[in-house]
Amino acid sequence: MTLTLNGKKTDIQDDLTVEGLLGYLMIAPARVAVEVNLSIIKKNDYHTCVLKDGDKVEIVNFVGGG
């Protein structure tokens with residue numbers, strides 16, 4: 001299936017959850033916020049939110065500094 005991931009078309013396997021996508025991308029779920037089709041996904045729902053062909057996914061990484 002094809003997703004738009006942070007503005008770029010990306011081909012990934014079918015039947016992938018947000019949690020699975022983060023694992024595939026080697027991104028720690030605790031350090032990001034995820035939006036699917038303009039809706040923010042709660043961290044508790046990462047394992048149940050199944051992505052579909054054509055979804056638009058934005059992953060924002062929290063960066064600390066000082």
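Modeller: Contact here means heavy atoms within 4.5 Å. Not counting residues up to four places away in sequence, Thr 4 touches Lys 9, Asp 55, Lys 56 and Val 57. Thr 4 belongs to strand S1, where helices (H or I, at least four residues) and strands (E, at least two) are DSSP runs numbered from the N terminus. Please keep in mind that this is a predicted model, in which local features need pLDDT of at least 70, side-chain atom pairs count only at pLDDT 80 or more, and totals for chains, interfaces and linings use all residues. Residues are numbered from 1 along each chain as its sequence is written, and side-chain values use heavy atoms, with hydrogens and water left out.

Biologist: Is Thr 4 buried or exposed, and how is that decided?

Modeller: Buried means under 20% relative accessible area, exposed over 50%, and partly exposed in between, with a 1.4 Å probe and protein chains only. Thr 4 counts as buried because its relative accessibility is 14%. Leu 5, which lies in the strand S1 of residues 2-5, is buried too, with a relative accessible area of 13%. Leaving aside neighbours within four places in sequence, Leu 5 is in contact with Thr 10, Leu 21, Leu 25, Val 57 and Ile 59.

Biologist: Which residues does Val 34 touch, beyond those up to four places away in sequence?

Modeller: Val 34 touches Val 18, Leu 22, Ser 39, Ile 40, Ile 41, Tyr 46, Val 57, Glu 58 and Ile 59. Val 34 sits in strand S3, residues 32-36, and is classed as buried because its relative accessible area is 1%. For a sense of distance, the C-alpha atoms of Val 34 and Lys 52, 18 residues apart in sequence, lie 15 Å apart in space.

Biologist: How should I read a positive phi, and where does one occur at Asp 15?

Modeller: Most residues other than glycine have a negative phi. Asp 15 has a phi near 55°, a positive value in a residue other than glycine, and is found in the loop between S2 and H1. Asp 15 is exposed, with a relative accessible area of 67%. Leu 38 also carries a positive phi, near 70°; Leu 38 is placed in the loop between S3 and strand S4 (39-41), and is exposed at a relative accessible area of 75%.

Biologist: Which other residues have their place in the loop between S2 and H1?

Modeller: Among them are Thr 17 and Gln 13. Thr 17 is buried, with a relative accessible area of 18%, and touches Tyr 46, His 47, Cys 49, Val 50 and Leu 51, residues up to four places away in sequence not being counted. Gln 13, by contrast, counts as exposed at 52% relative accessibility. Gln 13 and Asp 53 are 40 residues apart in sequence, and their C-alpha atoms are 9.8 Å apart in space.
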